[in-house]
Amino acid sequence: MGKAVLIVDDDPDIILYVSTILEKIGCHTSGAKNGEEAMNKIKQNRPDLIILDVVMPLLSGVKLYRDLKVSEKFKSIPIIILSGISKQTFLDSQEALSEFTDQPIPEPSAYVEKPPEPEQFTKIVQRFVQ
Amino acid sequence: MDPEKPRKILVVEDDSDMLLGLKKLLTKEGYEVETSGDGIQASELVRKNFYSIVLLDLKLPGIDGFEVLKLIKETRPDSEVIIITGHGNLDTAIQALKLNASDFITKPFMKEAILIALQRANEKIAIKKKLKEYTETLEIKVQAAIVEIVRRQEFERRLIQSSIDGIVGSDGEGKIVIYNEAAEDIFGFPPAEVLQKININALYPAPIAEKIQRDLAGQIAPDKPLGWKEITISNRQGEEIPVRFSGNIIRSNGGTIGSVGFFHDLRQVKKLEQELIRSERQAAIGQTMASIAHYIKNILSGLQGGIYVANTALEKNDMDRFKAGWEMLQKNTNRITTLVKDLLNYSRARDPEYRMASVNEIVQEVQNLIEPRAREYNIKLTRNLDPNLPPISLDPQGIHNALLNLVSNALDACISGRERDDLEVKITTAQSNKSLIIEVSDNGAGMDEEVKKQLFTSFFSTKKGKGTGLGLLTTHKIIQEHRGTIAVKSEKGKGSTFIIELPKAEKAMNKGGQYGKSGSDRR
């Protein structure tokens, strides 16, 4: 049975691109175009893996990541960040948000800068969907 | 005894009966009385003692009474001398008064006459005493005032010297009389070569020196002081030095007595300014590079994704997915085209062409251009133009582009706004005393604070790949070139209003006819 992967990105092209890559290795993919929509989908149907963009309207990836990682229910879901911004910028923005919560936030399971390279990206995803 | 009354009195009289009578009377009046019957003895007494008052008979054995009077006035100028003369010797009396006798009484005299004469002498003594005291106090005061003036002069001299601004003062002819250390730093001439030696013409830039000289000479009605302005002076070494200058003519009692100039050295400030501009420019270039790289990276993602999706679809013979991949390729190719166009548009080295033009006509043109698209989306496009708007000097093409950009943005905001049927974009023109006001408002999507903050930064766009984020930046640049301002009011979900203010007073850069006549060749 294929694993469920949620791809969160405001660019529908990226969702199409990434789902094409992931369907090749038998994943069931769905997409969400912002953090809010993603949160609703996660609550309805818990995915096995989340591919998350950082810069998005409404609920940004930075905030969604934090919300998931402080949630008892969802913090075990692995998250791969797929973003145009660098990993350091992402970590810095998490740091800035940490004022609002006491808990330390774990680093993402993997960090991939856009554009994803299909072969390499497949390998990274496979670590979490075996 | 009255303390004001002089204690000692000398009576000089050769008639011994009268002498005795006078002594009696004066003693009774409270005086310490000494008497003498002849001039020689009297002279001796006057040399030895001081008498406040001397009663002196002019007809004396031995020496003449006038000699005694002269002696008293020479040796004891503070003694008052009352002359005793025979009846009818008025000439003698007058002569005595000329020799500074204070009064005279005539024989045979009455007690009252003596007392009045004494009283007058006493008053004279009191006045003299007061005058003396007053003179002495005055001397002390003058002395103190001189000390104070010297102290103040020294203070002012040091004040001028210690000023960090260069101060140069001239007399009424323009000759330099004040030249402080800071002025020396700026101009480079040692004070010895300047003070009392040269004229302000040798130091100041010609136009300023001429103006000051004119004002000093009072040939024309002197106008306001020369307010602070930035000028460049050239110093002794011929170096150009930027300074902030302010000057004034010094007037006193309606006349001009000199001039003063203040020079604030701007070398350090200019250096820092340049460094700041350089570092800001570098930061801006770095930021722009990063933004462009990021933007291109996104397009690259789309292109790579499109190829990958299309290839995968071909393998599976999945035509729907192939179409999706192909569309990705098309869309991202368009994004590159738009990016390049906007970049060129922004960086295009086109000199604005200023001429007198009507803002209302430009608004109408923009409206005509946008109208079809507005109708397509069922958005009402209205205008409310002030018919009395004066033509102002502007770059018609620049303003056209700026307005077109704002109006298309407003339309986009309506299109991406909520589903409603009363969507409207409104263009308003108005005027205040100093400026023309153009407002473009919509009741579309509106913006939150986050978006508003990033509005005029490059590559910020909310249009999901359709915009590069350079449009508002370009608009901003155009309005800035017109020395105008652009402001925005917006509320998420309610709409936005962009307000442009263009100054009326900007002078035309070049001549030209009314805008609109040659407007058709613009594209």
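In strand β2 of chain B, Glu32(B) is the bridge partner of Lys8(B). Two strands pair if DSSP finds at least two bridges between them.

Before going on, the conventions. This is a predicted model, in which local features need pLDDT of at least 70 and side-chain atom pairs count only at pLDDT 80 or more, while totals for chains, interfaces and linings use all residues. Residues are numbered from 1 along each chain as its sequence is written, and chains are lettered from A and ligands numbered from 1 in the order in which they are written.

Back to that pair. Strand β1 (residues 8-12) of chain B and strand β2 (residues 32-36) of chain B are parallel and share 5 bridges. Between them the chain passes through helix α1 (residues 16-28) of chain B, and this β-α-β crossover is right-handed. Right-handed here means that, with the strands pointing away from the viewer, the path from the first strand over the helix to the second runs clockwise.

Now chain B as a whole. It has 14 helices and 17 strands. Of its 523 residues, 28% count as buried. A residue is buried if 20 or more other C-beta atoms lie within 10 Å of its own, exposed if 12 or fewer, and partly exposed in between, with C-beta atoms placed from the backbone. For contacts, the rule is that the C-beta atoms of two residues, placed from the backbone, lie within 7 Å. Among contacts in chain B between residues at least 6 apart in sequence, 60% join residues at least 24 apart.

Next, a sheet in chain B. What is the order of its 5 strands? The open sheet runs β12-β14-β15-β17-β16, with mixed pairing. β12 (380-384) and β16 (485-491) of chain B are at the edges, each with a single partner strand, so one side of each has no neighbour in the sheet. From one strand to the next, the twist averages 10°. For such angles, axes are lines fitted to C-alpha atoms, for helices over the stretch in contact, and angles run from 0 to 180 degrees between N-to-C directions.

Inside that sheet, look at β15. Strand β14 (residues 424-431) of chain B and strand β15 (residues 435-442) of chain B run antiparallel, joined by 7 bridges. A hairpin of 3 residues connects β14(B) to β15(B). Among the bridge partners, Lys426(B) goes with Ser441(B), and Thr429(B) with Ile438(B). β15(B) also runs antiparallel to strand β17 (residues 495-503) of chain B, over 8 bridges; there Ser435(B) stands opposite Pro503(B).

One loop residue for contrast. Asn388(B) lies in the loop between β12 and β13 (392-394) of chain B. Asn388(B) is exposed, because 8 other C-beta atoms lie within 10 Å.

On to chain A. Its open sheet has 5 strands in the order β2-β1-β3-β4-β5, and the pairing is parallel. β2 (28-32) and β5 (110-113) of chain A are the edge strands with a single partner each, so one side of each is left without a neighbour in the sheet. The twist averages 20° from one strand to the next. Strand β1 (residues 4-8) of chain A and β2(A) run parallel over 5 bridges, and Val5(A) stands opposite Thr29(A) in β2(A). Helix α1(A) packs on the sheet, touching β1, β2 and β3 (49-52) of chain A, and its direction makes about 165° with that of β2(A).

Then the cores. A nonpolar core is a set of buried Ala, Val, Leu, Ile, Met, Phe, Trp, Tyr and Cys residues joined through C-beta atoms within 7 Å. The largest has 36 residues, and Leu6(A), Val8(A), Val18(A), Ile51(A) and Leu52(A) have the most contacts inside it. Helix α1 (residues 12-23) of chain A gives the largest share of this core, 7 residues. Apart from it lies another core of 34 residues, including Val363(B) and Ile479(B).

Last, where the chains meet. 15 residues of chain B are in contact with 12 residues of chain A. The largest share of chain B's side, 11 residues, comes from α9(B).

Definitions and conventions:
Helices (H or I, at least four residues) and strands (E, at least two) are DSSP runs, numbered from the N terminus.
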